[in-house]
Amino acid sequence: MTDLIESPFGYSDGDVDTNRSDAVTLNELADQRYSRRTLLRGSSAIVAATMGGSLLAACDSNDSFRADVPPTVTAGGAVTTSGGRLVTLTGTAYDDKAITAVAWTQTAGPTVTLSNANQDIATFLVPAVAQQTVLTFQFAATDNSGHTSTATTTVTVNPPALGFTAVAKNKLDVVTVPTGYTVSVINRTGDPIAAGVAAYKNDGTDTNFAQRIGDHGDALYWYGLSATGTRDPNSSTRGLLVQNHENINDQYLHVAGATTVNGARPESEAQKEIDCHGVSVTELVEGANRAWTVKQDSTFNRRITPATAMAFNGPAKGSDLLKTAFSPTGVAGRGTINNCANGTTPWGSALTCEENWAGYFRRSGDNANRSAKELTALSRYGVTSSTGSYGWSTVVAADAANTLFRRWDARAGTGAATTDFRNEPNQFGWVVEFDPYSPTSTPRKRTALGRMGHEGCWPGAFVVGKKPAWYMGDDSRREYMYKFVSATAWVAADADATDRLAIGDKYLDSGTLYVAKFNADGSGTWLPLVFGQNGLDGSNAAYPFADQADILVNTRLAADKLGATPMDRPEWTASNPVTGEIYLTLTNNNAAGRPLNGTDAANPRHYNDPKGSTAQFGNPNGHIIRIKEADTEATSFTWDIYAFGAGADLDKTNINLSSLDASNDFSSPDGLVFARATHAGGQVKPMMWLQTDDGAYTDVTNCMMLAAQPGTVGDGGARTITNTGSGGATATQATRIGAAPGANLRRFLVGPIECEITGVDSTPDGRTLFVGIQHPGEGGTPAAPTSHWPDSQAGGAVAATIRPRSAVAVITKNDGGVVGL
């Protein structure tokens, strides 16, 4: 929303021809004409022709000119606005001669930066305030005689508030945003990011994805660059966009979809599919009219793929559990895969998280060569496939020494672990740190943070003298929430270090990993996953742990032993930059994972949300839980549920517990990010972006992104609900519910057909928003794609055979204000 201050200045010349001669003399007429300030910015040909040279020579009885009069100015009327919006100040200046200078200055209130302060029209971005605050501005004009006049106006500022009309649910094949916003598209699957790489044809014939944008773009983050190409966290016009590439739509990567020949995948197809995974780093620059471009030949551009060299760090480094034919010492690895959510650090490194990696591996028929312990671990992590998701292990490589395909075969032979790849699954499931500013540096897998289906790894507050913490979800039904607390207290100077991975060693290689237990009374406990404590040792019957490395490689089994609370598919975590509270999305659960008599206070619902004629029992719409700690070192917390996903038509007493309506109902929350604290959207009452990865509500709408301004833990109260099972049986469940979001939660964006909305970040000034659009048209075929996005975003006719691509939507507010406010 733009707030405009302007004040039209009207005037009348009168009627010279009807002035009565007995009332007005020529000299008096000249005085009147000059005193009315009919000139804007100096003389005018029209005035000269009207008044004539004889008028300019007219004399009064004293044969002298009347004294020059200062300019007449106005500064516009007072307005009321709120933080993050753009205000336009419009001044007017009139004089009978020339106006030589005008200037806007601020005279009261929090300091703002005025653009075009030496022009009639100036603008500024409204700062965030905690309570209503008045800003005062003065407009001054000086004429060529040196006379100056001033006028004053006021701008009353309220705290930041959502400033857009909610987008309606829809099933269109475009990214729909509110009126007043513009969408452009960058970083499409296959776009080249190195000099000399050909444009993407998008017909299945393209190759060299090691130098192209990968598929299934997921979590993303902006890392600023200075004009000279060094790290600048505050830059909003040049920077690096780091994005995960979680998975693939293999049907669109090949001419006629993926193929298998005599039981084996073609090497060229498998290579393309593998390279489409991982991470991309691309340099972005803002140009004229706020248009964003990707610098294809930037030296910062990089693809990190499943083949990129990796180093293991932390307690599991060198463990027997990490040793393979490729890494017989267990200190090195290759690549990262199924990168979903992310994390970051104040020293400028990126964290990428390996999520559902287990299904890529082939493993069956080797039980005789496995110990009971190994079989327990493999089963707990789901490494049970007989082929692997894409059959990469079946490739017969042209180079017999190439083990990049063989590595996906995790079957154990009769020899030592270093003769095969039985331990290759243990090399995945980690948080990976890398330096986006150093494209040749080796990423490091931080084993102290545990091995699981890492959805994300978001930090809490960094307070000098306190040990920082990172919060994590394990994305599978009935898995857990974790946090890692560093062994080292935060030192502010480390944020400016240039050896960023060395700082990562300092904070991420030693510390304590905890798992969460949620209690019915709204309290909670962080349980330490430490060898030798609480039965985490060789005496554990289900899985005897050998050492701390064993606990970190098999984190899920350790959490099981401690009695952590199984959650409804824990995914992204996010930290409120003002309150420090931690939010966790719980995407959904089915009836098997959350049965009628298997609910608890933190996962309280079992209900049916029918999709057409198909019943969906369990918790198909998900919810968002939040916790409050004394600080990042705390071992206890309080909690409540911020919002429950539900259609607006569902029962508000027992299902739609957050009283959602048509402007804000949602299903299956996934991506979750708070606005940066560097702009008004992340200050006072920070804005939170909520994204969906839904299948339960897609008969009504495509996936979406909402904006929210949440309250705090405890702003609601206790509630007891009645759940209903498929046979009509009921059960009650007590829980803790936050205040209904109301107008502080509304739909900002709806994506194209069959997409997931995932990944969001802004420039530090909040004026450009980057949003990941993943797998549009995922249910289609090469011959009949079900979406044509992003080509469809431009409007007009699109060929029916145009294949969809994942991409990043760039969203800006037309007036230049902070997106969302």
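Against which elements do the buried residues of α4 pack? In this predicted model, the buried residues of α4 pack against α3 (250–253) and β15 (302–304). Helix α4 spans residues 267–275, and its buried residues are E269, A270, K272, E273, I274 and D275.

Helix α6, which covers residues 500–508, has R500, L501, I503, G504, Y507 and L508 as its buried residues. Viewed down the axis of α6, these buried residues fall within an arc of 150°, and they therefore line one face of the helix. An α-helix has 3.6 residues a turn, so residues three or four places apart point the same way. The packing partners of the buried residues of α6 are strands β19 (350–354), β20 (431–434), β21 (444–446), β23 (469–473) and β24 (481–486).

The loop between β10 (181–186) and β11 (217–224) contains H216. This residue is buried, with a relative accessible area of 5%, which is under the 20% limit that defines the buried class. The side chain of H216 makes a polar contact of 2.9 Å with the side chain of N249. Residues up to four places away in sequence being left out, H216 touches T189, N244, H245, E246, N247, I248, N249, Q774, H775 and S806. Apart from neighbours within four places in sequence, N249 is in contact with D215, H216, H775, P776 and E778.

The largest pocket holds about 820 Å³ of space. Rolling a probe the size of a water molecule over the atoms shows where empty space is left. The lining of the largest pocket is made up of 35 residues, and Y221, T344, P346, R676 and A677 are those that lie nearest its centre. Strands β11, β22 (458–459), β34 (669–674) and β40 (756–762) each contribute at least two residues to this lining. Of the lining of the largest pocket, β11 provides the largest share, with 5 residues.

The number of disulfides in the structure is 0. C340 takes part in no disulfide, and the nearest cysteine sulfur, that of C353, is 8.6 Å away. C340 is classed as buried because its relative accessibility is 2%. C457 is likewise in no disulfide; for C457 the nearest cysteine sulfur is that of C353, at 5.3 Å. With a relative accessibility of 0%, C457 is assigned to the buried class.

G429 is located in the loop between α5 (372–381) and β20. G429 is counted as buried because its relative accessibility is 0%. When neighbours within four places in sequence are set aside, the contacts of G429 are E354, W357, G450, R451, M452 and H454. G429 and A734 are 305 residues apart along the chain, and their C-alpha atoms are separated by 35 Å.

Several backbone geometries were also examined. Most residues other than glycine have a negative phi, and most peptide bonds are trans. The peptide bond from W789 to P790 is cis, with omega near 10°. P790 belongs to the loop between β41 (768–774) and β42 (807–813). R290 has a phi near 60°, which is a positive value in a residue other than glycine. The position of R290 is in the loop between β13 (278–286) and β14 (292–294). A positive phi, of about 70°, is also found at R478, although R478 is not a glycine. R478 lies in the loop between β23 and β24, and β23 and β24 are among the strands against which the buried residues of α6 pack. R478 counts as partly exposed because its relative accessibility is 35%.

Technical notes
Residues numbered from 1 in each chain as written. Predicted model: local features only at pLDDT ≥ 70, side-chain atom pairs only at ≥ 80, totals over all residues. Heavy atoms only, no water. Helix = DSSP H or I, 4+ residues; strand = E, 2+ residues; numbered from the N terminus. Buried < 20%, exposed > 50% of the residue type's maximum accessible area, 1.4 Å probe, protein only. Polar contact = N/O pair within 3.5 Å; in protein donor to acceptor, adjacent residues only side chain to side chain. Contact = heavy atoms within 4.5 Å. Disulfide = S-S within 2.5 Å. Arc of directions from axis to C-beta. 1 Å grid on protein atoms, 1.4 Å probe; cavity = no way out; pocket = protein on both sides within 12 Å on 5 of 7 lines; lining within 4 Å. Points joined across faces, edges and corners; volume = space filled by probe spheres on them.
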